[in-house]
Structures are given as C-alpha cells and as structure tokens.
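This report is meant for a reader who meets this structure for the first time.

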Amino acid sequence: MIDWLFETYLESADPLAKGKPEASPRMNVTSPFPAIYRACSSSAATFARDVGIGMLEVSHNTLALVGLSMVCSVVLFSAAHPDLRDGAEQRALGWLLARQEARLASESAPEPPIPDAVARVTAADPTSLSKQQASVANWLARKYRVALEPVSRLVQEAWESGRRSGLDPTLILAVMAIESSFNPFAQSSVGAQGLMQVMTRVHDDKYEPYGGVRAAFDPVTNLRVGVQVLKECIARAGSLEAGLKFYVGAANLSDDGGYAGKVLAEQSNLKRVAEGKWVSVTTSVPSNGQTMKTSSLAEPGVADASPEATGANRVAWAAPAR
C-alpha cells in the first residue's frame, strides 16, 4: 500500500514523465489526498467488520461452552444428590398432571346422541296437509309467529279431533289461539296448563290414558284433553257461547271478560281462511278489557263456586287484549 501511495505521488509530481501536460501546482499538491482517504476508509471498514465477526463467533462459542458447562454441572449435581433429583421429578410430574386435568376439565363433554328424537317431535310436513288445512296452518304461523311444521301437526290433529268429537276444528284452533297463542308450555297461576290451558289438577283423570299429568305439556295430548273438556262444557251449558263461558271458568259471573267473543271472532277468521278468503294476519279480535280465567274448566256436574267465593282468584290468568 505504501508503494502504491509513493507511485501515485510521483505521477502527480511529474506529469511530463508520461507525456501528460503539466498540472497546476494546486492539483499537484491536493490530488493524492482523496485517494489516500478512500484507501484508509476502506481499510478501517474491513478491519471493523473482521473484528465484529470475530467477536460474534467468540461470543457464540463462549455462550455455547457456558451452557454446556451448566448442563454438565446440573447432571453431575443431580447424580450426586438423588433426593433432590427425585423431588424435582415429582414436582414436574405433578405440574404436568395438573395441566392435563385442567385441560380435560375445560373441554365440554359431547352431548349424547338421541337417534329417536325426531320421532318425538310434534311436527308435520306442511305439504302433507290438504289445501284447506295448509291455508289455516300458514295463516296461524304468520299471525302467532310460530314455526309452520308444529302448527301443521296441530292443525291436522284439530281436524281429526273435531271429526271424532263433532266440534268444528276452527273452534278448537281458535280456543288454542286465545288461550295460549300456541305456546305448549303456558301455565296460569291457578294451574291451567298447555295449549288449551286445561286445569290439570281438576282433569287429572283425563291424562291417565296418556301416562299422567305431565302429558299436559305434550301439545297433542293437551289438545285432545282440551277438546274433551270443551265438548263437556258446551253440552253442560247448552250452547256454544255459554259453553265457552263455562270453559273459561266464568259460569257464575255476569261477564266472562270478552272471552267468548274473542274465541268466536278468531274462529270466524279461521273459517274465512279455510274457505280460501284473504284475511289479514293483523286482524284483531274484539276485546272488553282482558280475558279472565278463574277456577277454569270445572269438572262437569260439579257446581261452580260463587263469585264471592272465587273473588280472590278471579283474575288468575289474564291475556293482553288482542
């Protein structure tokens, strides 16, 4: 490098030696210094890079040696103290088992399959209904905001029960609509339960063929028992409107809260739908305040309690006016 710098200086000092024109005194003095600066910078950068790489390799190797030494020390120490090794193994095993138990506890157990569940569902294929039944089922599903398939099954059953009992199926559906709005789990404060709000404790004998009083919450069973009670009430009262008054438990009251009027109005709507006429789902039924259910569905042949005796329970079930 020194020889190269000397040669560069000679060339700048004697430009005529190689047939070049004479340079100015200023150029002869300053021209070597940029080359010298560049050479020094390059040398310093190379030196710094080599030193850095060397230190990195030395540090890496040193850390590896330190880690290896620590591992060997731990192994030798554990071999010399078996009691400490056994304790550490036990703690590690306990920690792993605790982690596994926590993971298993956090995982929810899969629900057991119920292959026959679909057989116990109260639903029917709407396409299996007659045109008349399908019209009624669609209208009820839209008006009361319930699924079409369960309503289709109830409409089918209302037609069958109506045929067996001699009651109009639209009357049966109208009673269900006013009593529970097609909620099979409805219950009043005096014990009226299910779709048709049958007084279970009064008519428990009617549930015996179906397995007991818990069948009150089976939609089809409640419908069939309700039809029996409704037919008995109409026969006892001598007319449909009076029978509805008996059904709601207002036989000895001067006013049934507009219950009979609501049921008959809803039946009229259902008849028009069944005939293929258009009826708005927002059509309201007449109301005289609220529908009141008192002792409800007394056993035929048993005298109703007087208004004074039932005064404490008169408003046992009240549905908002529709």
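Met 55 counts as exposed, because its relative accessibility is 56% and exposed means over 50%. The structure is a predicted model, and every value given here is computed from it. Met 55 belongs to helix H3, which covers residues 32-80, and together with Phe 47 and Val 51 it forms a nonpolar patch on the surface, the three having about 330 Å² of accessible area together.

Helix H3 also packs against helix H4 (residues 82-106), with the two axes 5 Å apart and at an angle of about 110°. That angle makes H3 roughly perpendicular to H4. On the H3 side the contact is made by Phe 77, Ser 78, Ala 79 and Ala 80, while H4 contributes Pro 82, Leu 84 and Arg 85.

Asp 125 and Ser 152 are 27 residues apart in sequence, and their C-alpha atoms are 7.1 Å apart in space.

Strand S2 holds Val 198, which counts as buried at 0% relative accessibility. From C-alpha to C-alpha, Val 198 and Gln 187 are 9.2 Å apart in space, and they are separated by 11 residues in sequence. Thr 200 sits in the loop between strand S2 (198-199) and helix H8 (204-207), and Thr 200 counts as buried as well, with 7% relative accessibility. When neighbours within four places in sequence are left aside, the contacts of Thr 200 are Gly 191, Gln 193, Tyr 207, Val 213 and Ala 216.

Side chains of opposite charge can pair when their charged atoms come close. The structure holds 8 salt bridges, and the table lists some of them.

| Salt bridge | N to O distance |
|---|---|
| Arg 153 and Glu 157 | 3.3 Å |
| Glu 160 and Arg 163 | 2.7 Å |
| Lys 206 and Glu 232 | 3.5 Å |

Where does the pair Lys 206 and Glu 232 lie? Lys 206 lies in helix H8 and Glu 232 in helix H9 (residues 219-237), so this pair ties together parts that are 26 residues apart in sequence. Lys 206 is buried, with a relative accessible area of 7%, whereas Glu 232 is partly exposed at 28%. Salt bridges that share partners also join Arg 153, Glu 157, Arg 164 and Arg 224 into one network.

Arg 153 is partly exposed, with a relative accessible area of 22%, but Glu 157 counts as buried at 3% relative accessibility. Glu 160 and Arg 163 are also in helix H6, and because they are 3 residues apart they are separated by about one helical turn. Of this pair, Glu 160 is partly exposed, with a relative accessible area of 36%, and Arg 163 counts as exposed at 58% relative accessibility.

For the chain as a whole, the secondary structure comes to 11 helices and 4 strands, and of its 322 residues 34% count as buried. The chain exposes about 19500 Å², of which carbon and sulfur atoms supply 60%. Among contacts between residues at least 6 apart in sequence, 60% join residues at least 24 apart.

Definitions and conventions. Residues numbered from 1 in each chain as written. Predicted model: local features only at pLDDT ≥ 70, side-chain atom pairs only at ≥ 80, totals over all residues. Heavy atoms only, no water. Patch = residues over 30% accessible without salt bridge, like charges linked within 9 Å, V, L, I, M, F, W, Y side chains within 5 Å. Areas by Shrake-Rupley, 256 points an atom, 1.4 Å probe, with all protein chains shown as cover. Salt bridge = Lys/Arg side-chain N within 4 Å of Asp/Glu carboxyl O. Helix = DSSP H or I, 4+ residues; strand = E, 2+ residues; numbered from the N terminus. Buried < 20%, exposed > 50% of the residue type's maximum accessible area, 1.4 Å probe, protein only. Axes fitted to C-alpha atoms, helices over the stretch in contact; angles between N-to-C directions. Parallel < 35°, antiparallel > 145°, perpendicular 65-115°, else oblique. Contact = heavy atoms within 4.5 Å.
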